[in-house]
Amino acid sequence: MPEPRDVIAVQRLLRGSQGPFVPKPSLPIVDELIATVLSQHTSDRNSERAFAGLKAAFPAWEQVLDAPAEALADVIRSGGIADQKARRIQRILGEIREREGRIDLGRLCDLDDAAVQEYLTSLPGVGPKTAAFPVDTHVHRVAVRLGWLPPRTTAAEAHQVLTPVVPPGIRYDLHLALITHGREVCKSQRPRCGACVLRDRCVTGSEHSPAAAVRG
């Protein structure tokens, strides 16, 4: 397991390579939550299309909750497993309205990270990937190669391992930086170790280093 200082060092190296962190425009918490549900098991492009289609068809969350499940599934079809996601979204929105009296989670902004995570994971169908430091395919691959995770670590285990050691202030930044690094440098096949700013911290990188070639 890495130390927080190791995580911070990696984030700084990636930012030095990729340039300054430019966050996406923030959305209301409910929007972010539903967008994350739509992002599961699909590409960013498809999930963004599904979210845009949902908001165009049902501008208010109350409309989403009250819509026939089949109609909701139709407008999010591009995001994959639409029938399952439609049911999950409506269960989440129904629970929020039951608890809060309306479909709004603005009050979570006043809670600390632990309380926010506890609340979100108590919602139906919201697991650690949705509420904690997100670990997608690229993040998982880079973390394994860095030695932060054992090779056979599951997604659920990865969230449990990494969330406590990633400082809250850099979670979003690091998540996006690792995704970019995984797509452009630390690829699944033929990683570009010679161009990797993390090579000195990486088991895979050390195996592809010039010194390793001489030893071989």
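**Entry 1**

I started with Arg-77, which is partly exposed at a relative accessible area of 43% (buried means under 20%, exposed over 50%, partly exposed in between, with a 1.4 Å probe and protein chains only). The model I am reading is predicted, so I noted that local features need pLDDT of at least 70 and side-chain atom pairs 80 or more, while totals for chains, interfaces and linings use all residues. Residues are numbered from 1 along each chain as its sequence is written, and side-chain values use heavy atoms, leaving out hydrogens and water.

Which residue does Arg-77 form a salt bridge with? I found Asp-74, with the closest N and O atoms 2.8 Å apart (a salt bridge is a side-chain nitrogen of Lys or Arg within 4 Å of a carboxyl oxygen of Asp or Glu).

I searched the whole structure and got eight salt bridges. One of them joins the side chains of Arg-97 and Asp-66, at 3.7 Å from N to O. Arg-97 sits in helix H6 (residues 82-100) and Asp-66 in helix H4, so this pair ties together parts that are 31 residues apart in sequence (helices, H or I of at least four residues, are DSSP runs numbered from the N terminus). Are these two partners buried or exposed? Asp-66 is exposed, with a relative accessible area of 54%, and Arg-97 is partly exposed, at 33%.

I also looked up Asp-104, whose side chain meets that of Arg-102 in a salt bridge of 3.8 Å, N to O. Asp-104 is partly exposed with 31% relative accessible area, whereas Arg-102 counts as exposed at 53%. Coming back to Arg-77, I saw that salt bridges with shared partners join it with Asp-74 and Asp-83 into one network.

**Entry 1: aromatic rings**

Next I turned to the rings. I wrote down that a pair of aromatic rings is described by the distance of the centres and the angle of the planes. How many aromatic pairs are there? I counted two (rings of Phe, Tyr and Trp, the latter by its six-membered ring, pair if their centres lie within 6.5 Å; planes under 30 degrees apart are stacked, over 60 edge-to-face, the rest tilted).

Why is the pair of Phe-21 and Tyr-172 edge-to-face? Their centres are 5.6 Å apart and their planes stand at 85°, so the pair falls in that class. Phe-21 lies in the loop between helix H1 (4-18) and H2, and Tyr-172 in helix H11, so the pair ties together parts 151 residues apart in sequence. I checked accessibility too: Phe-21 is partly exposed, at 29%, and Tyr-172 is also partly exposed, at 37%.

The other pair I looked up is Phe-51 with Trp-61, which is tilted, at 6.5 Å centre to centre and 45° between the planes. Phe-51 belongs to helix H3 and Trp-61 to helix H4 (residues 61-66), and the pair links distant parts of the chain, 10 residues apart. Phe-51 is buried, with a relative accessible area of 14%, and Trp-61 counts as buried at 7%.

I found the charged end of Arg-99 over the ring of Tyr-119, 5.0 Å from its centre (NZ of Lys or CZ of Arg must be within 6 Å of the ring centre and within 35 degrees of the ring normal).

**Entry 2: the largest pocket**

Then I went looking for open space. Which residues lie nearest the centre of the largest pocket? I listed Glu-32, Thr-36, Pro-134, Tyr-172 and His-175, out of 47 lining residues.

Key: 1 Å grid on protein atoms, 1.4 Å probe; cavity = no way out; pocket = protein on both sides within 12 Å on 5 of 7 lines; lining within 4 Å. Helix = DSSP H or I, 4+ residues; strand = E, 2+ residues; numbered from the N terminus.
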